[in-house]
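Dear colleague,

Please find the structure below for your use. My findings follow directly after it.

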Amino acid sequence: MNATESPASLVTVERLTIRFGSPFHPPTLDEIDFSIGRGEIVALVGESGSGKSLLAHAIAGILTPAALVTAQRLEFGGVDLTDPRAAIDLRGREIGMVFQNPRSALNPVRAVGQQIGDVLREHRDLRGRKCREAVLAALAAVRIADPQSRAAAYPGALSGGMCQRVMIAMALAGNPALLIADEPTTGLDATTQAAILELIVGQARARRMATLLITHDLALARVYAERIVVMHAGQIVEVAPTEALFRDARHPYSSALIGATPASAVGVDDLKGIAGNLPDLATAPPCRFAERCSRTIPRCREERPTLEALATGHDAACWVPL
Amino acid sequence: MSERALPLPRPGWPRGGIAEVAAFVLVGLTVLLALFGPAIAPFDPLATDAPAALQPPSALHLFGTDQLGRDVFSRVIVSARLDLGIALVAVATTLLIGSALGAAAGWNGGWTDRVVSRLMDTIMAFPLFVLAVGVAAALGNSVSSVVIATVVVNLPLYARQVRADVNRRRNAAYVEAARLAGIGPSRIVALHIMPNLAPPLMVQASLNMGWAILNAAGLSFLSLGIRPPTPEWGIMVSEGASYIISGEWWLFVFPGTALFLAVLGFSLMGDVLRDRLDPRRR
Amino acid sequence: MSALLELVGLRKRFPVGGGRELHAVDGVDLSLAPGDSIGVVGESGSGKSTLARLIVRLIDPNEGLVRFEGRDISAIAAGRFARDPARRAIQLVFQHADDALNPAFSIRRNIAMGLGHTAVSAEASRDVSRIADEVGLSSSLLDRRPHQLSGGQQARAAIARALISNPRLLVLDEPTASLDVSVQAMVLKLIDRVRREHDIGLVFVSHDLDVVRLMCRRIMVLYLGRVAEVGDTAQVLSDPCHPYTRALLAATPGHGTPVVLPGEPASPVDPEPNVCLFHNRCPLAVDRCRIERPLLRTVSGRQVACHRAEETIAPPPAINAPAGY
């Protein structure tokens, strides 16, 4: 039983493995154990190729049919997510999703008010005047000034930050228990980013809504998340409460990632790069960080490290943790 | 072509399968004939032999003889040089001029672009044959008129493609980097941008070769450009057409088939090049 | 000792149809000593990318001067500057390294291009090997094509190309924005090492305050094409004076409670010349801000363009206090 799992878990993932191509291809997501508690704000942190987006898509149930999924458990509030009908029912209503690059996630030929209205009609069964009022309320909730005229606007006329607010409005329209935000502010200005994240986290707290924040930016995760999950090459390497991770990272990759983040460094010399590149999955050792790690021992190349509890709520998957 | 079981694709077998093999075979054959046709022709293509006129294919005359007793086989294989030669000169010329115009328009924009684009629009308004007749009327009925007409009518094909591609790449970071290194615009366009355009242009040129051969044959079919007794596929089809009713089918079937196979070969080659040169597969 | 780079009253406008113009750079002054480093920060629409291209003379300013080593190079049109002896002394590192390398050329040829050649002579090849070694690019990669290299390797190759001509001024336009953080760390360390070893002047354009904090001794904050604040990095970031700098700093994760700026930036198209363009979002805006454009003036050791600068400055803190946690 995973140390981070609790009876109040909203999302439970056990031994989730996703492959592409054939059942013999190396897995892109390699036996993931993961959970999100009700009302919890969790950040999923990793670089490109870590699989964080893929995991989010698996929970949201929007994987491409080409993905070969096996899992011991993949549940949302007790509902099995591998059942397509159940997943469709949850999506948009219980699970809301916000994507990177908001402008391309919105339909360019429909007014934003219509698009929010779609969600309301579908998941809250609102029609006509009630729907229109709800749309305006949704726009006001995401702090868009002058909702009346904005509702009639098309995505192309809105700034990136505004488009993201609209997408958040759509994600929240079904009153979800879980909001998945996949790199919601990448590409947006710093001031806009702050506003968007404040909005998301503010709504999460007000609605007691769980939030899964996917980001490559550790500094951002530090500010907004209660718990951080670090991923590398399709494997979870460490899970810890936020400050515990920064104070006392136990996995060499987490530590290296923190060391590479400019926000944590005092001078350029403090910055630490990470040796090597992402491994070729076909030839990678069981611990996929082994070739880039300075602490590798022979066991790392023979047996995959399991996520072990090293402190309360703090797990790491390493044979030689820091 | 007889039905025969084709071998299964195996490693090393060309990606494009039978089409790719056919492309190389047909183009190769056409080129070989163009190079060596006159040398291997069993008979002088111009030598007439009245008593032997209109004889069907035989061991001596593989494709039979025409209305003047000339060996059709020799005439067919000798024509390859002429038709291929005209097409090659025409395509090479139009490729160079069209690319130059397109590159200038794409890089400079403004008035250069407007003038070139309107010019290309005007050319595209003319059907080939109308243009060819006009050129022939102006410059006289000769091979060079055929070449000029083919060059002109195909200019927009290259000019537009190059214009769009150059314009798109003009703001690419690597072009800016070349400017930062002090390299002048004409060198940038010719040596830095064009190599990136070479693959699609080669595909275009190959497809164009097929059309150019057809154009040359078509124009001479209409008695523009090449005149008898020069052996040329178009003329041979034209002359042979009058003999269909009397049953001397070999007068137009063989030249027609040769024409068809040559054009097919280049068209298929265009597809092969497009697949092979797709940068995502290299 | 003359300044390496001087910008005086630089302005750049782009027509946007209907006779209107977008003021991308709206009166920027800058001075950089040889071997020094300045970070130019701002959000989208701040004009920082346009400024970078003006400095390296890819585009011409509408008004103002660009002086390089005491010589006015803005008088020469961008097109003709290609033949100027100073051309290769000023180089630019682009944001997207994969776009900065010619896909039809080998890496060797791409790097050699920085010398101004298209063909690679034996001598150029030696220079390429030398610079590739210096930036940590394995020689086995020199004969490959750009798309066969990883993001980090492409970044190194692009930097190698910028350095091969021994530039004295290097402008970097968000060189690490599209890279993973671990790759970014490596590239930043490389740039810093190169700057120190070759005594190159750096103009580092970035949206990331922490990166600029690490890389640059001085910092310039741009807002809608105008300079809001410029000064010593440690000082400006530990104690920002301009309200926009303060907001930008607060918005950077880990630098205090994020303060959400209301409203949207004013339009950069035909902006009013006699107002402070930040006044519609500024918590300190007064009537004067709506009728008079604030000019850069020295306040507490840096330059600020704010009418109320003296009121906002806190008592001087310890200069060496690191920003961040």
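**Strand pairing in chain A**

The model is predicted, so local features need pLDDT of at least 70 and side-chain atom pairs count only at pLDDT 80 or more, whereas totals for chains, interfaces and linings use all residues. Residues are numbered from 1 along each chain as its sequence is written, while chains are lettered from A and ligands numbered from 1 in the order in which they are written.

Helices (H or I, at least four residues) and strands (E, at least two) are DSSP runs, numbered from the N terminus. Two strands pair if DSSP finds at least two bridges between them. Strand β10(A) covers residues 227–232, and β11(A) covers residues 235–241. These two strands pair in the antiparallel sense over 6 bridges. Their hairpin has 2 residues between the strands, and A:A233 takes a positive phi near 50° there. β10(A) is also joined to strand β3 (residues 41–45) of chain A, by 4 bridges and in parallel; the bridge partner of A:V42 in β10(A) is A:R227.

Why is β10(A) described as largely enclosed by the rest of the structure? The reason is that 6 of its 6 residues are buried. A residue counts as buried if 20 or more other C-beta atoms lie within 10 Å of its own, as exposed if 12 or fewer do, and as partly exposed in between, with C-beta atoms placed from the backbone. In a regular strand the side chains alternate between the two faces of the sheet. In β10(A), A:R227, A:V229 and A:M231 point one way, and A:I228, A:V230 and A:H232 point the other way; all are buried.

**Chain B: helices**

Chain B has 9 helices and 0 strands. Its C-alpha trace spans about 75 × 55 × 30 Å along its principal axes. Of the 282 residues in chain B, 46% are buried. Two residues are in contact if their C-beta atoms, placed from the backbone, lie within 7 Å. Among contacts in chain B between residues at least 6 apart in sequence, 68% join residues at least 24 apart.

The axes of helix α1 (residues 18–40) and helix α9 (residues 250–277) of chain B come within 8 Å and cross at roughly 130°. Axes are lines fitted to C-alpha atoms, for helices over the stretch in contact, and angles run from 0 to 180 degrees between N-to-C directions. α1(B) and α9(B) are therefore oblique to each other: angles under 35 degrees count as roughly parallel, over 145 as roughly antiparallel, 65 to 115 as roughly perpendicular and the rest as oblique. The residues of α1(B) that meet α9(B) include B:L26 and B:V27, and those of α9(B) include B:L264 and B:F266. By class, this contact of α1(B) with α9(B) has 12 nonpolar, 2 polar and 2 charged residues. Here Ala, Val, Leu, Ile, Met, Phe, Trp, Tyr, Cys and Pro count as nonpolar, Asp, Glu, Lys and Arg as charged, and the others, Gly among them, as polar.

**Chain C: sheet and loop**

An open sheet of 4 strands in chain C has the order β2-β1-β4-β5, with antiparallel pairing. β2 (21–32) and β5 (71–72) of chain C stand at the edges, each with a single partner strand, so one side of each is left without a neighbour in the sheet. Strand β4 (residues 63–68) of chain C is joined to β5(C) by 2 bridges, and the partner of C:F68 in β5(C) is C:R71. Helix α1 (residues 48–55) of chain C lies across β1 (5–15), β2 and β4 of chain C, running at about 60° to β2(C).

C:A119 sits in the loop between α3 (107–112) and α4 (122–134) of chain C. This residue, C:A119, is exposed, with 9 other C-beta atoms within 10 Å.

**Contacts between chains**

The contact between chain C and chain A takes 30 residues from chain C and 32 residues from chain A. On the chain C side, α6(C) gives the most, with 7 residues. The residues of that side divide into 16 nonpolar, 7 polar and 7 charged.

With chain B, 22 residues of chain C are in contact with 18 residues of chain B. The elements of chain C that give two or more residues to this side are β6 (90–93) and α2 (97–100).
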